[in-house]
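Hi,

Here is the structure I promised to pass on to you. Have a look at it first, and then read my notes below.

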Amino acid sequence: MLKIGFIGWRGMVGSVLMERMIQERDFHDYEAIFFTTSNIGGKGPDIGMSTPALQDAYDLDILASLDIAVTCQGSDYTKKIYPELKKRGWKGYWIDASSGLRMENDSIIVLDPVNRAVIDNGLKTGIKSYIGGNCTVSLMLMAIGGLFENNLVEWITSMTYQAASGAGANNMKELVAQMTAIGAINNPDLSAVELDRLITNEMRGKAFPIEFFGAPLAGSLIPWIDAALESGQTKEEWKGYAETNKILGTTTPIPVDGICVRVSAMRCHSQGLTIKLKKDAPLDELIEMIAGANDWVKVVPNDKPSTLAGLSPAAVSGTLTVPVGRIRKMKLGPEFLTAFTVGDQLLWGAAEPIRRILNIVIEHLS
Ligand code: HSE
């Protein structure tokens, strides 16, 4: 029986992964071992079957006995533990939601509805590390994978509207605290201009909670995500190009760039795309390609009622659907297509590709 270890299952991505695995009845026919960094000997999650007491996530002997390790613990853990396991000659599979090994030559970024062929080839050629992609990149590829599949994309700019969840659980809580502080000012007797003045004062005041974001997000936005790079991009913006091309396994890289912006959505990332096509193609054919690429993408008609009903974080949060709408040719020319897409950052953006690659690796080993 396969021995599969789960590390970091209590954090935000880890708990969404557990939720999805339980929903899909994924826990069967293997020995599931849960690890901890703080509660050794404690009780694991309720997964509908008995599991041993929690094991030490830093115990290399136990880790090295696993056939598959699934971690949502974060990059620092990966960077510490993975090389140690490799040094011991560990031959198991490493499935990781963090970015620690993402760009390594001997790792594959997993998004199987888009790059199943790349994954299958990796399994065949003995690749052992399978890493979840950056959420924005994965969600963009889930949305318009059909255009890449048909080799129609010359370049893309993606202007993002990224949710608080991408920055972490503390940031989600801080966003709500900011909303609460603003909400406390509400007074229907005041004019809109008076209300705005009070809210702006509150946002600029010392008491406004900005410990995690470093700036107000509620009632505002932050056009900076992750570290600065020499190129003038942020690291999040750099990932658009690097990871898209790695996921697709392109031989001639497709340029992808844009500005990544944090907005006050809770857990859905949105993106406004400008796509330069390699050639002009009729809009209905392009829409058909987009809609047919996978089981989760859903084309939203380019009209106001459909857009308001289905193309927003409020409509998509907690679902696996990846709507893409506002699709039209641009005034820039017939080869320029625009679209807007939304996706749950914790599902297709993080936990779901990990859940699915685990099943693919299990199938490969069976
Ligand atoms: N880096 C992303 C963000 C989330 O900050 O929204 C993880 O892919």
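**What's inside**

In this predicted model, Y30 touches M1, L2, I4, F6, M21, M49, L358 and I362, leaving out residues up to four places away in sequence; contact here means heavy atoms within 4.5 Å. Y30 is also one of the residues with the most contacts inside the largest nonpolar core, along with F6, Y130, I144 and L358. That core has 65 residues. A nonpolar core is a set of buried Ala, Val, Leu, Ile, Met, Phe, Trp, Tyr and Cys residues joined through side-chain atoms within 4.5 Å. Buried means under 20% relative accessible area, exposed means over 50%, and partly exposed is in between (1.4 Å probe, protein chains only). There's a second, separate core of 16 residues, and I33, A57, L60 and L101 are among them. As background, nonpolar side chains tend to be buried together in soluble globular proteins.

Two quick notes on the numbers. Residues are numbered from 1 along each chain as its sequence is written, and side-chain values use heavy atoms, with hydrogens and water left out. Since the model is predicted, local features need pLDDT of at least 70 and side-chain atom pairs count only at pLDDT 80 or more, while totals for chains, interfaces and linings use all residues.

Next, M18. You'll find M18 in helix α1 (residues 12-23); helices are DSSP runs of H or I with at least four residues, strands are runs of E with at least two, and both are numbered from the N terminus. M18 has a relative accessible area of 6%, so it is buried. Its contacts, again skipping residues up to four places away in sequence, are F6, W9, F27, F34 and P45.

C72 is buried at 17% relative accessible area, and C260 is buried at 5%.

D29 isn't a glycine, but has a positive phi of about 60°. D29 sits in the loop between α1 and β2 (30-36) and is exposed, at 68% relative accessibility. R326, also not a glycine, has a positive phi of about 50°. R326 is in strand β13 (residues 322-330) and is partly exposed, at 37%.

Cheers
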